[in-house]
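Trainee: I would like a close look at a single part of this protein. Please take me through it step by step.

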Amino acid sequence: MSVPSPAISPLANHAFVKMNGAGNEIVVVDMRNDARPISAADARAVAAPAGAPYDQLMALYPPRTPGTDAFIRIYNNDGSEAGACGNGMRCVASRVAGATGKSSLLFETKSGLLSCVRNADGSFTVDMGAPRFKWNEIPLAEEFRDTRAIELQIGPIDKPVLHSPSVVSMGNPHAIFWVDDVDAYDLHRFGPLLENHPIFPDRANITLAHIVSRDHIVIRTWERGAGLTRACGSAACATAVAAARLKRTGRKVRVTLPGGELVIEWRERDDHVLMTGPAEFEFEGTFDPALFEKVAP
């Protein structure tokens, strides 16, 4: 009796584009002519050194909602799916705008609809929607009435290393620890512990943030499912919102990340968060089928 051959990955011999958004490493694949789903194992295979290592893989699928340009599935490099990736959305918008000539685009993700606009200077602005603050929307494992600061710490009880983070959802959960120097902490060590803390049932993005002035914040982020990253757009948005909630900044700030800068505005009229920044092309290629030979069907 013959043994059936394993299914060929939809990414085998498929074209891709490698980009970055403020240092956030992004791979974009257009699946609109081949709508087969990408498995977690496929996503991990692409992230391997022999593939195209990335922070997020952005897969474009045919629109599900009339009037949208594509449905976007977002994968972290551990194969898990993310609900939002602002830097990745700018990269997607850059590719679609370049192909269609459109300056205004509308995409759908598992977290909802996101509009993107190409600006005159070549940057892109993504409307990330309204933040969520309720404990069960973030979500947290237990109730906190005030999510501007929750009871969570790393280190000794009487002298914690990190403590009292602000928490917020930008389509994915974020915890922001306020510090005087974002480089003074071993985020590679603390990040995994905090990402997987029991208080976060869906895990969380962990950010260290230093408020420089009323309109400038510096951050470093351990990204859920991706690890230490040079940029995380949704973390920049979450941090800007959290700082404004604490009255420590205004509603429009410049956020400096290891990979670059973003401008974040928490718009007062509708509470939507607007993120403006670059989308840079690096190279394009085709996935070698050998990447997926050991991927389980």
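How many of the 13 residues of H4 are buried, and what does that say about where the helix sits?

Mentor: Keep in mind that this is a predicted model. Now to the helix. H4 covers residues 233–245. Of its 13 residues, 12 are buried, so H4 is largely enclosed by the rest of the structure. Buried here means under 20% relative accessible area.

Next, check the length. Just after the helix comes Lys 247, with a positive phi of about 65°.

The largest cavity has about 30 Å³ of space. Its lining consists of Gln 56, Asn 76, Ala 82, Ala 84, Asn 172, Asn 205, Glu 223 and Arg 224. By class, that lining has two nonpolar, four polar and two charged residues.

Last, confidence. The protein chain averages a pLDDT of 94, and 97% of the residues score at least 70. Residues 1–5 stay under 50. For residues 1–5, the model has zero contacts beyond four places in sequence. Where pLDDT is low, the predicted coordinates should not be read in detail.

Technical notes:
Residues are numbered from 1 along each chain as its sequence is written. This is a predicted model: local features need pLDDT of at least 70, side-chain atom pairs count only at pLDDT 80 or more; totals for chains, interfaces and linings use all residues. Side-chain values use heavy atoms; hydrogens and water are left out. Helices (H or I, at least four residues) and strands (E, at least two) are DSSP runs, numbered from the N terminus. The expected span of a helix is 1.5 Å times one less than its number of residues. Buried means under 20% relative accessible area, exposed over 50%, partly exposed in between (1.4 Å probe, protein chains only). On a 1 Å grid over the protein atoms alone, a cavity is a set of points where a 1.4 Å probe fits but cannot get out, and a pocket is an open set with protein on both sides within 12 Å along at least five of seven lines; lining residues have an atom within 4 Å of a point. Grid points are joined across faces, edges and corners, and a volume is the space filled by probe spheres set on the points. Ala, Val, Leu, Ile, Met, Phe, Trp, Tyr, Cys and Pro count as nonpolar, Asp, Glu, Lys and Arg as charged, and the others, Gly among them, as polar. pLDDT is the predictor's confidence in each residue, from 0 to 100. Contact means heavy atoms within 4.5 Å.
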